[in-house]
Amino acid sequence: MKRVTIIAGHYGSGKTNFAVNYALEIAKSGKKTSLSDLDIVNPYFRSKDSEKVLADANIRFISSDFANSNVDVPAIPAAAYSVCADKESYSVVDVGGDDRGALALGRYVPEILAEDNYEMLFVINCYRPLTRNAKSTVEVMREIEEAAKIRFTGIVNNSNIGDETKASDVLASLEYAKEVSKITNLPVKFTSVHHVLYDELKGKIENLFPLRLYIRQTWKAE
């Protein structure tokens with residue numbers, strides 16, 4: 001596990017929910033953990049929705065003061081610099097959708113690269129309109145890398161259709177994820193699924209990651 005884990009992806013890929021769950025998993029291991037929300041693109045659908053869940057798990061949550069308000073200000077909080085400064089904390093960074101959101105990450109990249117203790121995960125979802133195939137998905141990935149000036153190190157297959165997702169839908173996405181992996185030469189680190197599907201898919205998929213949903217979606221938090 002790297003000290004800094006950056007989570008990025010296309011709009012609607014599910015990156016924020018994965019980021020919240022990943023931070024919770026790190027905290028379970030007893031490590032000092034923080035989650036930074038750098039989403040300056042869509043302040044109305046962000047990890048701040050799960051702030052209480054994070055607080056209960058002793059996870060430091062960092063976001064703009066304007067998150068979940070009616071003020072749409074692309075502001076990054078000064079506390080976000082602790083991602084680089086606090087070497088004793090394991091930091092999960094939720095980056096805004098696509099290349100515009102990745103620009104906010106750019107100011108931290110030199111220090112992240114200098115420390116060289118990071119993972120950058122690209123969250124993919126073949127059931128989203130603009131990333132239905134590997135080629136279009138990789139195009140989005142390259143745009144994010146160019147904007148942020150940092151390269152991805154792994155892939156998270158989070159292909160789902162919300163609360164209508166069946167185990168067969170997840171299994172059908174594996175070939176897509178494999179193709180993205182082949183084109184980019186990056187490993188599929190996780191295939192994430194709603195936790196109710198976990199037992200059905202366990203043993204059929206490597207590195208299966210169960211998700212509980214803590215942000216505003218059709219599924220309700222538990």
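1. Two strands are said to pair if DSSP finds at least two bridges between them. In this predicted model, strand S7, covering residues 188–194, meets that criterion with S8: the two run in the parallel sense and share 4 bridges. Within this pairing, Val 193 is the residue that stands opposite Pro 210 of S8.

2. The protein contains 9 helices and 8 strands.

3. The structure holds 7 aromatic pairs. In one of them, the ring centres of Phe 18 and Phe 190 are 5.8 Å apart and the planes stand at 45°, so this pair is classed as tilted. Because Phe 18 belongs to helix H1 and Phe 190 to strand S7, the pair ties together parts that are 172 residues apart in sequence.

4. Is Phe 18 buried or exposed? With a relative accessibility of 0%, Phe 18 counts as buried. Phe 18 also pairs with Phe 209: the ring centres are 5.1 Å apart and the planes are at 50°, so this pair is tilted. Here the link runs between helix H1, which holds Phe 18, and strand S8, which holds Phe 209, over 191 residues of sequence. Phe 209 is buried, at a relative accessible area of 7%. One aromatic cluster is formed by Phe 18, Tyr 22, Phe 190 and Phe 209.

5. A charged side chain is also placed against a ring. Lys 31 lies over the face of Tyr 90, at 5.5 Å from the ring centre.

6. In soluble globular proteins, nonpolar side chains tend to be buried together. The largest nonpolar core of this model has 34 residues, and those with the most contacts inside it are Ile 6, Leu 105 and Ile 150. Two or more residues each are given to this core by S1, helix H3 (82–85), S4, helix H5 (109–115), S5, H6 and helix H8 (174–184). Helix H6 provides the largest share, 7 residues.

7. Which residues does Ile 6 contact, leaving aside its neighbours within four places in sequence? Ile 6 is in contact with Val 93, Val 95, Leu 105, Ile 112, Glu 119, Met 120, Leu 121 and Ile 150. Another core, of 20 residues, lies apart from the largest one; Val 20, Leu 24, Leu 35 and Ile 59 are among its members.

8. Two values describe the protein as a whole. Of its 222 residues, 53% count as buried. Among contacts between residues at least 6 apart in sequence, 74% join residues at least 24 apart.

Terms used:
Residues are numbered from 1 along each chain as its sequence is written. This is a predicted model: local features need pLDDT of at least 70, side-chain atom pairs count only at pLDDT 80 or more; totals for chains, interfaces and linings use all residues. Side-chain values use heavy atoms; hydrogens and water are left out. Rings of Phe, Tyr and Trp (its six-membered ring) pair if their centres lie within 6.5 Å; planes under 30 degrees apart count as stacked, over 60 as edge-to-face and the rest as tilted. Buried means under 20% relative accessible area, exposed over 50%, partly exposed in between (1.4 Å probe, protein chains only). A charge sits over a ring if NZ of Lys or CZ of Arg is within 6 Å of the ring centre and within 35 degrees of the ring normal. A nonpolar core is a set of buried Ala, Val, Leu, Ile, Met, Phe, Trp, Tyr and Cys residues joined through side-chain atoms within 4.5 Å. Contact means heavy atoms within 4.5 Å.
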